Amino acid sequence: MTATVSFANEVVTKALLRQISLATGEKIALITLDNGFDHTKPSSFGPGGLASLAAAIDEAAASDADAIAVTGKPFVFVVGADLTGIPSITEWDAGYAIGKMGHDAFRRLGEVDKPTFAFVNGAAMGGGVEVAAHCRYRTLSLGAAPIALPECFLGLVPGWGGTFLLPNLIGAENALKLIVENPANQNRMINGGVAAKLGLADVVFAPANFLEDSLAWAGKVLRGEIKVERPEPDRGEAWDAAVAKTRKMVAAKFHGAAPSFVRALDLVAAAKTATRDEGFAAEDKALADLIMSKELRAGLYSFNLAQRRAKRPVGAPDKSLAKPVTKVGIVGAGLMASQLALLFIRRLQVPVVMTDIDQPRVDKGVGYVHSEIDGLLAKKRINNDKANQLKALVSGSLTKKAFADADFVIEAVFEDMKVKQQVLAEVEAEVPPGAVLATNTSSLSVSEMASGLQHPERVIGFHFFNPVAVMPLLEVIKAERTDDASLATGFTVGKALGKSCVLSADRPAFIVNRLLVRFMSEIWRSIDEGTPAEVADSAFDPLGLPMSPLMLLGLVGPAIALHTSETLYEAFPDRFYVSPNLKRLVEAGKPAVYTFASGKPQIDPEVAALFQQGNTVLTADETRQRALEGMAQEIRLMLDEGVVAEVMDIDLSMIMGAGWPFHIGGITPYLDNTGVSEKVTGARFLPRGVASVPA
Amino acid sequence: MSTTAPPRTARTLRDVVFVDGVRTPFGKAGKKGIFAETRADDLVIKVVRDLLRRNPQLPPERIDECAIAATTQTGDQGLTIGRTVALLSGLPNTVPGFALDRMCAGAMTAVTTTGSGIGAGMYDVVIAGGVEHMGHHPMGAGVDPNPRFVSEKVVDTSALNMGMTAENLHDRYPEITKERTDAYGAASQRKYAEALASGRISPWLVPIATRGSEQGWGLAVADEPPRPGTTMDDLAALKTPFRAHGRVTAGNAAGLNDGATGCILAAEEVATELGLPVRMRLVGFGFAGVEPEVMGYGPVPSTEKALERTGLSIDDIGLFELNEAFAVQVLAFLDHFGIKDDDPRVNPYGGAIAIGHPLASSGVRLMIQLAQEFEEHPEVRYGLTAMCIGIGMGGTVIWENPHWNGEQTK
C-alpha cells in the first residue's frame, strides 16, 4: 500500500499540453512545464506537478499526435524536485511515495507507445535531467544552464530514474561524473555544451531558434530522415572501473560521512545488470531511506541557509541607510591588503588607494594587483579594455591624505591593538566626515580599537577568510558604538563584494575563528597529552570535513594559529589552550605538521621529533568526542553572549567560512544528532524537525 | 607644394536584385492573437536567421546593413531595432543596422533606401525588413500630435484615423460602392485560400514558437487572420466602425496584425559572385504625398512618378502587388489606371484583407509574393509593388522579372 503525499503551499508546475502541427504535417503533443512565474522562480516537481505531468502524458498518449515532447518555460526546463515539503515528512512510507510518484509520472515518457522527445531549453537540474533521460530523444539548447544532478550534494540520489537510465544512456563514467563527481566537488554545474559532450543530447541548437529547430528536428526523426545513433555504453570492465574509481574518490573525501554518494554509486553499479523495474525499485527504496536520513535533513537545512539566510543577513540595518561608496582606501599594501584591493576594484569598480610606510611596499602592493589583472587578461577572463580600467583604478600613496575623498577605508595592518588604534586615528584625521572605517581584524576588539576616535560610531569590523577571493564568508562586526548607517554600509559593501555577510557582536575572534580555535584547542590537548598526532588528526574523518585539523593548520599557518589561540586564551583561559607543541612548531619555523616530500602527506619526521607528549593516549573516537563537546560548550556560550542573533548564523558561518559540509548542517545539527548538545548543554541547539526528522 | 589626390573612380550604377525574402506568419493583434506573448524583435530575428540559413553561400560578414522598419519604435520595437536585431541574430558585430519608419511603407522604404545604396556602390549586400506588433504597440499609442495640425487646419482630424480616411476616399469617388469593396474583400479571401491550398504561401513562412503562459508553447506555421469562405452576405452584416452607415468594415479592410518580414538585397554582380539567387531586379521607385485626409489615394501619384522616372507605362506592368489596407484605396488605384476590379494581374494570391497588414512589415510581404509570381509568369517582364501610407503618402517599387522569356512585353 503506497501512501500518497501532498505538500502544503506547493507551487505547482503545470504540464500544459498543446497539440502542435508542423509545417510538414506531423502532429506533436507538446507539454510545457510552467509554474506560472518568470525564470527567477524556476519550475520544480512536487506531488501536484508530478500528477499534472502524468495526466498530460496520458492525454497526449491518447491523442492522435505522432509524438510527445516536453519542454520548459523561458530559460528553465525544470530544476528538479520541490524539496520544500521534504522536511515535514516523518514516515518512511511517505518518502517512498515521493520516489514512486516520480517514477510513475516519468516512466510513462519512456514506455508510452509514441516517440517521446525532451527539448531541454534551459536550466535542468535533478528531476529535470531525469525527465529528459526518460524520453526517447533529447535536444539541448546551447544556452541551457545550469545542468546538474545536485541530489547527492544535498543528501539524496537522482532516484527518479537517473541512476538507472543515465549510465545506460551515456555510460557509467559520464553518468558518475554528473551524479557523483560534480556534486562532490562543491556541487559543480555544467552548461548545455558540456552536457552535450557527455552524451546528454542527441543534437544541440542555438537558443535563438531552439524550439523551432527542435520541433523541425523531431519532424525529421518522425519521417525517418534522421536516424539517431548513440554509442552503446561499455557494459564491461569500464563500467566497474568507473564505479571503483569514483568509490575511491568518495571514500577519500567523505570517509563514509555522506551516505548519498555511496548509495548513488551502489545504484549505478547495479544498473549495469538490473532490469528497468529492478533499477527503479532500488531507487525508490534509496530515496525513502535517504529522505529519512539525518544527513539529508541537515543538507536541506544547509541549503536553505546558503540560499536564503546568506542573502538576507539577519540583524543587518535597512539597506536604505547605507552610504554610497565611490572610493575605497586601504591602509597597508601587504599581501592581505593587496588581495583586498583586487577584490574591491573587481567587484565595486571604484578607485582604490593603498598606503604603506615606504615606496617599495606601495609599489609591491600595486604591482601585485596589476599582475593579478594581467593574469585574468591572459586567461581571457577579462578583455584588454577591462584590464586597463581595473589597473587604472588602483593606486598607491605614502600619505593618508590620499583618503581625503574616500568613503570607505579598511585597514589591514599588523594585528596589534596599539598599531591599529594609531592607524585609525591617522585615517580619521584625513577622511571626510561621513566615511566608514573598517578593520580587517581577526581577533582584536573593534570597540577598543575605535575607543580613542572622535567618531567611534563609524567603525565596523570586516573579517574576511582566506583566500579572500574564494571564501564566501564575511563577518561584519558591530562594535559597541557602531551606528546603523555605518553597519548598513558595511553590509552593502560586503554584498557588492560578492560575500555572504553574517553579523557578529564584537566578541573575541568573532564566530568562525572562535569555534575553529576551540576545536583545535581540543585536538592539541589530546596530542600534547599523548595521543599520536595521526590518531588525533583522523578523529574528524567521520564528519567528512574538507580537510583534517592538522591539514587546516598548514593552510592557516602555525604562527597565525598560535597568535589566535593566544588571543583567545587571554580572553577565555579556562577553555582555550596554547599548545607548547604548536609553539615549538612555530619556533622551529615549520610551515606545517605534514610534509608532502613523498608525494603523499606524511607527518614531517622533524616535527615529530620536536613534539613532547604525555602518556594519556586517546582513541580517535575519544578525541572527537572531546572536541565536539568543546564546540558544543563554546556555541552555547556564544549564543548566551549574543555573538550571533541565532544559532543558524553559526552553522551558516561554518559552511561559508570554514567550508564545513552540508551533510552535517554546518555543525549544530551534527551535535544535536549525536547527542553531544544535550549532554553538554542540556538541550538541543535546533528543535527536532528543523535539521532532522520531526519527532 | 601640392598633393595630388588619387583619381576618383568614375561612378557607375549597379543593378540591384532581390535575392530572397521570408516572413513570419501574420497574427491577429490582441491578447488572443498567436503572438500575444511573443516579442516583436524575436519575430524579426527569426526572419533574419532564416534568411541566412536559406542562403548559406552568403558570408554573414558580407552584409553591409541591417535596416529594419517599425512604426512604433519603443519597447520590443525600440533600441534601434535594425542594429539590435543584427546582434541578436548572430550577425558579426561589424554589421551595422538602423531603424526606420514610414508607417505602412517601412519595410518598402528599407528596401528602396538600402537598394539605392547598393545601386550607388555604397553597399554590396543588405538585409531589409520590417516588423509591427500591433498587439504590443496599438496604432497611435503614445503619439502626441502637434496641436497646430488642428489650430491651423493643416489636416482634418480624420486624417490621423486610417479608417476615416478610407471613408473620405469613398466620398471622393462615389462610384466605388460598398458592394464593390465587399466583393473585392471576398475575392481577396478566395484568392488567398487558393494560393494557400496550392502551396504558394507556406514556403515563405518562418515557423515561430509562440509562448502562451496559460497554454504552453505553440508553433505558428500559418497566417491567423484569413477567413476562408467569406461571402457577400457575411460582409454585408458587418458594422461600419468609422462612420454610422459608412462603407468601411472589417471585411473590406486589413485588420490589426502582428508580423515581421525581411529580405536580402544585393548588387547583381555580388549576387553572381556569391552564387546568390536573383529573384527580382529593381527598376525604380517613387514615393509621393497626397492630402492626408485621403491617404489611400497615395499609390496613384507614387506609381505615376515611378513610371515616369523609369520610362515605363502602366501597360508595361504585368503583375501588381498592391497592399490592401482598404479595398476602397485599391479600387481607387485600379479605376485611375483603368484596370478592372477582378483583373488577374492584381494580387493573384490575395492581399492584406485576407493575410493581414502588420504596418511596417507589409512592403516586403508584397515583394515576396511578386517574386514568386514572377517565377510562375516568365511571360511578364515588369511588376510593381505599391501601398498607401499613413499621413497621406503612397509608395511604388517597380521590379523586373529575371525569368522573363522575352516573348511578350507584358
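Here are a few friendly notes on this predicted model, point by point.

1. Some ground rules. Residues are numbered from 1 along each chain as its sequence is written, while chains are lettered from A and ligands numbered from 1 in the order in which they are written. As this is a predicted model, local features need pLDDT of at least 70 and side-chain atom pairs count only at pLDDT 80 or more, whereas totals for chains, interfaces and linings use all residues.

2. Domains. Chain A has domain 1 (14–292), domain 2 (319–504) and domain 3 (512–642), with bounds from an automatic or database domain assignment. Taken over C-alpha atoms, the centres of domain 1 and domain 2 of chain A are 46 Å apart.

3. The chain A and chain B interface. Here 18 residues of chain A are in contact with 16 residues of chain B (contact: C-beta atoms, placed from the backbone, within 7 Å). On the chain B side, helix 1 (40–54), strand 6 (208–210) and strand 7 (218–220) each give two or more residues; helices (H or I, at least four residues) and strands (E, at least two) are DSSP runs, numbered from the N terminus. Helix 1 of chain B gives the largest share, three residues. By class, that side has seven nonpolar, six polar and three charged residues (Ala, Val, Leu, Ile, Met, Phe, Trp, Tyr, Cys and Pro are nonpolar, Asp, Glu, Lys and Arg charged, and the others, Gly among them, polar).

4. Helices 6 and 9 of chain A. The axes of helix 6 (residues 172–184) and helix 9 (residues 237–254) come within 9 Å and cross at roughly 10° (axes are lines fitted to C-alpha atoms, for helices over the stretch in contact, with angles from 0 to 180 degrees between N-to-C directions). Helix 6 of chain A is therefore roughly parallel to helix 9 of chain A (angles under 35 degrees count as such). Their contact residues divide into 10 nonpolar, one polar and three charged.

5. Helices 2 and 3 of chain A. Helix 2 (residues 92–111) and helix 3 (residues 127–134) pack at about 35°, their axes 7 Å apart. Among the residues making this contact are Phe106(A) of helix 2 and Val131(A) of helix 3. The contact residues comprise three nonpolar, four polar and two charged.

6. Ile31(A). Leaving aside neighbours within four places in sequence, Ile31(A) is in contact with residues including Leu17(A), Ile68(A), Val70(A) and, from chain B, Gly216(B).

Terms used
Contact = placed C-beta atoms within 7 Å. Parallel < 35°, antiparallel > 145°, perpendicular 65-115°, else oblique.
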